[in-house]
Amino acid sequence: MKTWTRYTLMLLGATLLFTTTTLAAETISLEDYLLNYTYESRKDMKATSRQVIDWVEDGKAVLVDIRFKEEQQTWGVNFGLKIPLSELPKRLAELPKDKIIVAACPHKDRAIIAMVYLRTQGYKARYLTDGLIGLMENLRGEDALYFQELLKTP
């Protein structure tokens, strides 16, 4: 499927998923999100693997694996929260409002949908630009050992 078609379908899916009513002071409708979208918004919605590793190290971010449960079980990542995209609306209470929420999937298609939804709900959300595959490339050898030790410290 051509890239532009895939992203058009993702936006259509996102539009169908999100309500346009404001539920609380910190939520925003998808329409308002789009109407206020700028170059800064575009930059602010992305996070690279290196940034995520640094943010987790500094306690500034939480990684959320939004893949299907079967994918999480087959190819596990032993850090971050595991909340499939289809469960995200019902599990928002598990996400801290005071940290950057970085949505991740193997590539980035579902992570983009999760990021848009989380932003409409008042979260400082981003998506992992190089996906979980890119993150794994950055967590090899000594970097993986360091990251695991980092996650053990309170």
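Start by selecting β4 (100-104) and β5 (124-128). These two strands pair in the parallel sense over four bridges. Strands here are DSSP runs of E with at least two residues, helices are runs of H or I with at least four, and both are numbered from the N terminus. Two strands count as paired if DSSP finds at least two bridges between them.

This is a predicted model: local features need pLDDT of at least 70, side-chain atom pairs count only at pLDDT 80 or more, and totals for chains, interfaces and linings use all residues. Residues are numbered from 1 along each chain as its sequence is written, and side-chain values use heavy atoms, with hydrogens and water left out.

**Stop 1: the strands**

Stay with the pair and pick Val102. It stands opposite Arg126 in β5. Now follow the chain from β4 through α6 to β5: this β-α-β crossover is right-handed. Right-handed means that, with the strands pointing away from the viewer, the path from the first strand over the helix to the second runs clockwise.

β1 pairs with β5 in the parallel sense, over two bridges. Click Lys46 and look for its bridge partner in β5, Tyr127. How many of the five residues of β5 are buried? Four are, and the strand is mostly covered. Buried means under 20% relative accessible area, exposed over 50%, and partly exposed in between (1.4 Å probe, protein chains only).

**Stop 2: the cores**

Select Val64, Leu88, Leu95, Ile101, Met115 and Leu118. Within the largest nonpolar core, which has 23 residues, these touch the most other members. A nonpolar core is a set of buried Ala, Val, Leu, Ile, Met, Phe, Trp, Tyr and Cys residues joined through side-chain atoms within 4.5 Å. Color the elements that each supply at least two residues of this core: α2 (30-35), β2 (61-65), β4, α6 (109-120) and β5. Which of them gives the largest share? It is α6, with seven residues.

Zoom in on Ile101. Its contacts include Val62, Val64, Leu95, Leu118 and Tyr123, leaving aside neighbours within four places in sequence. Contact means heavy atoms within 4.5 Å.

Then show Trp55, Leu63, Leu128 and Leu135. They belong to a second, separate core of 18 residues.

**Stop 3: the salt bridges**

The whole structure holds nine salt bridges. Each is a side-chain nitrogen of Lys or Arg within 4 Å of a carboxyl oxygen of Asp or Glu. Select Arg119 and Asp44, whose closest N and O atoms are 3.0 Å apart. This pair links distant parts of the chain: Arg119 is in helix α6 and Asp44 in helix α3 (residues 39-44), 75 residues apart. Arg119 counts as buried because its relative accessibility is 14%. Asp44, at 30%, is partly exposed.

Move on to Lys69, Glu87, Arg91 and Glu94, which are linked in a network of salt bridges. Glu87 meets Lys69 at 3.2 Å between the closest N and O atoms. Glu87 lies in the loop between β3 (81-82) and β4, and Lys69 in helix α5 (residues 69-74), so the pair ties together parts 18 residues apart in sequence. Arg91 and Glu94 meet at 2.7 Å, N to O.

**Last stop: Leu139**

Select Leu139, in the loop between α7 (131-138) and α8 (142-152). Is Leu139 buried or exposed? It counts as buried, at 11% relative accessibility. Show Ile53, Phe79, Ala144 and Phe147 around it: Leu139 touches these, not counting residues up to four places away in sequence.
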